[in-house]
Amino acid sequence: MRNLLVTGGAGFIGSNFIHRTLTERPEVRIFNLDALTYAGSLENLRDLPDPERHIFVQGDICNRALVDRLLLEYNIDTIVHFAAESHVDRSILGPGQFVQTNIIGTFTLLEAARQAWLTEKRLPIDQVRFHHVSTDEVFGSLAPLEPAFSETTPYAPNSPYSASKASSDHLVRAYLHTYGLPVTLTNCSNNYGPYQFPEKLIPLMILNALEGKRLPVYGDGKQVRDWLYVEDHCDAILAVLERGKVGETYNIGGNNQPFNIEIVSAICAILDELLPESPLTPHDQLITYVTDRPGHDRRYAMNIGKIERELGWRPRESLQTGLEKTVRWYLEHPEWVQAIRQTGDYSTWIDKNYAQRGGTK
Ligand code: NAD
Ligand code: DAU
């Protein structure tokens, strides 16, 4: 792993991955292909360690000529594919872009890799890797007592987002089996931490609470997610790139299963402790139950036994320590928050997603 093409590296997880990899792997050069959609920002890439080893290219993963050129020009030996449309609520209101980016984009990257590595054989086959970053949502929804998802759980995606990710996972698998492209795939649970765009549950709740806005909990708030601190996810991907077996998939998760309402209450309690003088304390007075997400998956849980056993990876951060770090990070970076909210269509999105939901205490 010398010349790494990271797609979607200006987004939440991709930018954390770049920070971490530049810090921990001094031999690696990173070429970051990102279209800078509403979810991507160069603000996430300020203060990179050793920035001369990071080259940013603004562009679309669906642009085959551009991807071909990058693979050739930079002699790319490893692709880590994060770029995607990633927000379930947006996929419900506008699924087309999810099909385009998540399916056609992944197909385009696979075709370019096949051409460079299998047809033209630019590098020894045992020195190249296509790593696809996917989600636990492809497995569908669990009943309360059902065992956690494992790597062999059948796919049953329920939203346009998860269906498009499942589709991209199947393409990745097909390129391994049909053409022998050296791939690995990870399915990860809900991430949180620095640089997460504030449309997702945790940063949305932190920022709304700081401003005294309502904290909109969907439905009864008893949905369950498995939360993972983003740096743990980045370490897991590095472990798979370096020690994972070609052709394998690995589940990644945080080993916890709180109700959504417990997460929101925990954020409020952390803010109460950090800001005891705030007139908004206790912040849980802002919690408001609103109309549920259509087709809302009830419960996700990840069995991470395989990656623990085979690669020796396990999450370092507990949910409590991870949440504390995250809340502090948002408190300490008001300039990032301001810049991120000014770009893209943040307030338009908030109006579109929340205006019709009503709300009761
Ligand atoms: P994000 O929405 O924060 O970032 C996505 C990035 O991709 C942005 O920088 C955006 O500009 C870029 N992008 C979008 N379309 C593009 C295109 N056509 N060409 C090039 N770049 C494009 O997403 P994230 O939360 O960082 O998620 C990254 C990956 O991890 C996604 O594949 C997602 O499905 C997966 N994942 C996310 C989570 C999570 O909790 N956030 C959990 C598991 C898996
Ligand atoms: O499970 C992995 C997935 O986690 C990733 O693949 C997705 O990219 C990522 O967005 C995330 O999907 P979720 O839909 O689980 O994340 P989100 O933060 O949107 O919502 C988390 C839970 O909180 C979910 O049950 C919906 C609920 N929620 C969300 C928002 C934005 C609320 O109750 N209120 C809200 O305002």
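1. Ala, Val, Leu, Ile, Met, Phe, Trp, Tyr, Cys and Pro are counted here as nonpolar, Asp, Glu, Lys and Arg as charged, and the others, Gly among them, as polar. On that scheme the shell around ligand 1 (residues with a heavy atom within 4 Å of the molecule) holds 13 nonpolar, 12 polar and three charged residues.

2. This is a predicted model, in which local features need pLDDT of at least 70 and side-chain atom pairs count only at pLDDT 80 or more, whereas totals for chains, interfaces and linings use all residues. Residues are numbered from 1 along each chain as its sequence is written, and side-chain values use heavy atoms, with hydrogens and water left out.

3. Among the 28 residues around ligand 1, those that come nearest are I13, D34, S86, Y161 and K165. As for polar contacts (pairs of N or O atoms within 3.5 Å), an oxygen atom of ligand 1 is 2.6 Å from a side-chain N or O atom of K165, and an oxygen atom of the ligand lies 2.7 Å from a polar side-chain atom of S86. The side chain of D60 places an N or O atom 2.9 Å from a nitrogen atom of ligand 1.

4. Of the 830 Å² that ligand 1 exposes when taken alone, the protein buries 96% (Shrake-Rupley method, 1.4 Å probe).

Terms used:
Chains are lettered from A and ligands numbered from 1 in the order in which they are written. A polar contact is a pair of N or O atoms within 3.5 Å; within protein, one must be able to donate a hydrogen and the other to accept it, and residues adjacent in sequence count only if both atoms are side-chain atoms.
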